[in-house]
Amino acid sequence: MSPQRLSHVPPSFLRTLPQGLLELDIADRIYLDPDTTTRFSTDFGRLTRAPPSAVLYPSSPDDIAALVRFSYFSPHPFPVAARGCGHSIRGQALAPGGVVVDMPSLGRGRDDRRINVSGGDGSSSWYVDAGGEQLWIDVLHETLKHGFAPRSWTDYLHLTVGGTLSNAGVSGQAFRHGPQISNVYELEVVTGEMMRCSHNENPALFYGVLGGLGQLGIITRARIAVEPAPERVRWARLIYTDFVSFTRDQELLISMSEEGFDYVEGSLLMMDHSLIGNWRSSFFSDRDWEKVKLLASQFGAIYCLEGAVYYEMATASSVDQVKVLLLLSSPMQLVGLVPTIISSQDPRPYSSSMPPSLLLVFIRDASLLSFVPGFAFANDVSYMGFLDRVHTGELKLRSMGLWDVPHPWLNIFVPKSRIRDFEIGVFKGILKPNNSMGPVLIYPLKKNKYMSAVIPDEEIFYSIGLLRSAIMGDWEHLDDQNDEILRFCRREGIEYKQYLPHYTAQTDWMKHFGLKWNAFVELKRRYDPKLLLSPGQRIFTSSLIEHVSEQEIPFLKLY
Ligand code: FAD
């Protein structure tokens with residue numbers, strides 16, 4: 001810490017600074033000035049504010065380990081929070097009175113970007129090793145140079161590897177490949193020491209950290225599965241006025257796990273701000289958009305199924321058939337057309353070696369996706385253009401000054417058996433009329449693809465994302481509406497689980513984790529017994545430490 005920098009720090013800050021921190025070797029990478037600590041005192045949600053005492057800009061994982069160790073052995077241990085980009089909503093990456101670790105600085109100013117693609121030597125599949133601080137968009141750019149890409153994504157790629165792996169990382173590919181946490185071979189984690197973990201090595205830590213809300217260690221490297229990257233994407237949106245048909249078709253598409261669509265999502269469109277402000281991507285032409293808006297105004301609320309088929313240029317002509325199918329004005333016409341398409345493409349009967357696009361034809365109950373006749377739209381885009389689609393929306397909102405506003409988002413997983421009740425109570429009830437801006441996502445996921453994230457106890461459940469922006473100073477109203485939705489679910493006995501959860505009482509956390517709670521507490525005792533890590537999640541109280549014996553703490557024995 002240089003004297004100049006210290007001279008900028010108000011004495012009150014120095015009083016709250018953990019003693020001895022500035023004597024560490026990493027002191028020149030610790031910042032205390034109010035400008036810095038203020039920048040790290042809130043997040044994307046803009047609903048919570050709490051400054052840290054200091055911010056560490058680590059130059060290596062060892063710097064992070066030194067900080068965590070120092071706190072652990074300090075007479076006054078202080079909280080430490082890794083911060084990816086602070087895309088959390090409720091202060092999950094804050095460290096009030098403690099030290100925030102600015103993860104992106106691990107990769108700053110380096111030539112290698114800490115992203116390395118390897119494998120395929122006969123003994124292993126291809127994979128990418130990415131620093132926990134890396135953005136998924138950079139992982140994509142780097143892997144594409146080798147012709148590969150991770151297979152499971154989030155809708156938005158400007159999130160960090162460590163940040164999404166601490167939650168789950170879900171998007172329209174998860175029904176097939178599982179969430180991002182199901183596509184990791186190995187992790188390097190700072191728990192005070194550097195630990196490597198995988199399915200075979202320290203498996204409890206491995207599965208605990210994946211989806212572990214930053215509670216057990218700080219991810220500094222993840223080895224992520226990749227697959228050959230497709231070149232192009234045929235991207236479709238089908239409009240429904242009937243929720244039952246919409247969800248039935250979504251479930252049909254996700255049941256075709258190996259050969260059908262590569263991506264399935266969906267959303268609610270309402271004739272108000274949510275429709276106008278559905279910023280997630282530019283998809284519709286102006287003419288089509290007018291058509292969709294007119295339908296929405298007739299029905300109040302309509303549903304949009306979004307699907308995508310990946311393909312190579314070499315199979316482009318058969319993929320064109322998908323476009324033909326999707327642009328048909330009537331599902332019944334589709335039935336009529338099927339034999340023609342099959343015979344012109346491939347006279348053989350259905351076989352699994354057929355290009356995935358043709359399999360749409362074989363959705364046999366099928367031919368019968370029940371979207372509104374004339375309301376199927378398709379675009380053809382590059383793989384990169386498809387995956388980075390939300391960024392286009394971000395730039396649009398930024399240019400309008402609508403990105404850095406409060407985001408009282410609510411993400412929940414709702415069991416399939418109750419999705420219709422949810423629709424009636426929430427989409428047709430609480431949210432009507434909806435005067436807010438932002439997408440409302442609705443899409444099914446499959447249980448068997450999940451590992452450690454907390455999910456409902458049903459084979460299929462729906463990911464519901466109310467991603468609303470408070471652009472009219474109305475965040476409290478939107479938040480009240482979120483509470484009303486959760487109250488409605490509890491009253492109706494809908495066994496939902498929050499995704500990117502936010503609770504303030506430990507009893508609620510216990511309920512959230514359910515049968516997994518005791519195992520989670522055991523892991524916390526083992527890897528973070530002094531409750532230093534990610535305090536912004538507000539899961540643990542100080543009581544945990546009282547139950548810890550020295551034998552239980554491998555960490556203590558090492559230093
Ligand atoms: P932060 O907000 O900085 O951190 C999140 C939590 O993880 C904190 O508790 C933090 O302490 C901890 N943490 C951060 N880095 C590490 C690390 N290296 N090791 C251990 N713990 C760490 N999520 C989805 O699943 N699917 C989506 O499609 C999706 N879309 C999104 C779109 C937008 C526009 C935004 C803002 C968010 C979206 N998210 C989505 C949510 C996102 O996954 C979370 O915000 C997540 O926390 C990643 O953000 P981050 O990297 O900035 O992490």
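**The ligand shell**

Domain 1 (115-228) and domain 3 (405-502) each give at least three residues to the shell around the ligand. The model is predicted, and the values below are computed from it. The ligand is surrounded by 33 residues. Ala82, Gly84, Ser88, Thr160 and Tyr499 are the closest of these. By class, the shell holds 14 nonpolar residues, 17 polar residues and two charged residues.

**Polar contacts and burial of the ligand**

The side chain of Thr160, which is among the closest residues, places an N or O atom 2.6 Å from a ligand oxygen atom. At Gln92 the backbone takes part: one of its N or O atoms is 2.8 Å from a ligand oxygen atom. With a cut-off of 3.5 Å between N or O atoms, these pairs count as polar contacts.

The ligand on its own would expose 950 Å², and the protein buries 96% of that area. Strand S3 (80-83), helix H6 (161-165) and strand S10 (218-228) are the elements that give two or more residues to the shell. H6 supplies the largest share, three residues.

**Strand S10 and Ile219**

Strand S10 is one of the elements that give two or more residues to the ligand shell, and Ile219 is found in this strand. Is Ile219 buried or exposed? Its relative accessible area is 6%, so Ile219 is buried, the limit being under 20%. Thr191 is 28 residues from Ile219 along the chain, and the C-alpha atoms of the two are separated by 9.1 Å.

**The two faces of helix H19**

Helix H19 covers residues 506-513, and its buried residues include Trp509, His512 and Phe513. Why do they lie on the same side of H19? They cover an arc of only 90° around the axis, and therefore share one side of the helix. Thr507 and Lys511 are exposed and sit on the face of H19 turned away from its buried side.

**Loop residues with positive phi**

Arg46 is a residue other than glycine with a positive phi, near 55°. Its place is the loop between helix H3 (34-39) and strand S2 (54-56). The relative accessible area of Arg46 is 38%, so this residue is partly exposed, a class that runs between the 20% and 50% limits.

Asn202 is not a glycine either, and its phi is positive at about 45°. This residue lies in the loop between strand S9 (194-198) and helix H8 (203-209). Asn202 has a relative accessibility of 30% and therefore counts as partly exposed.

Where does Arg113 lie? It is in the loop that runs between strand S4 (99-102) and strand S5 (115-118). Arg113 has 36% relative accessibility and so counts as partly exposed. Between Arg113 and Glu133 the separation in sequence is 20 residues, and the distance in space is 10.0 Å from C-alpha to C-alpha.

Terms used. Residues numbered from 1 in each chain as written. Predicted model: local features only at pLDDT ≥ 70, side-chain atom pairs only at ≥ 80, totals over all residues. Heavy atoms only, no water. Near = heavy atom within 4 Å. Polar contact = N/O pair within 3.5 Å; in protein donor to acceptor, adjacent residues only side chain to side chain. Areas by Shrake-Rupley, 256 points an atom, 1.4 Å probe, with all protein chains shown as cover. Helix = DSSP H or I, 4+ residues; strand = E, 2+ residues; numbered from the N terminus. Nonpolar A, V, L, I, M, F, W, Y, C, P; charged D, E, K, R; others polar. Domains from an automatic or database assignment. Buried < 20%, exposed > 50% of the residue type's maximum accessible area, 1.4 Å probe, protein only. Arc of directions from axis to C-beta.
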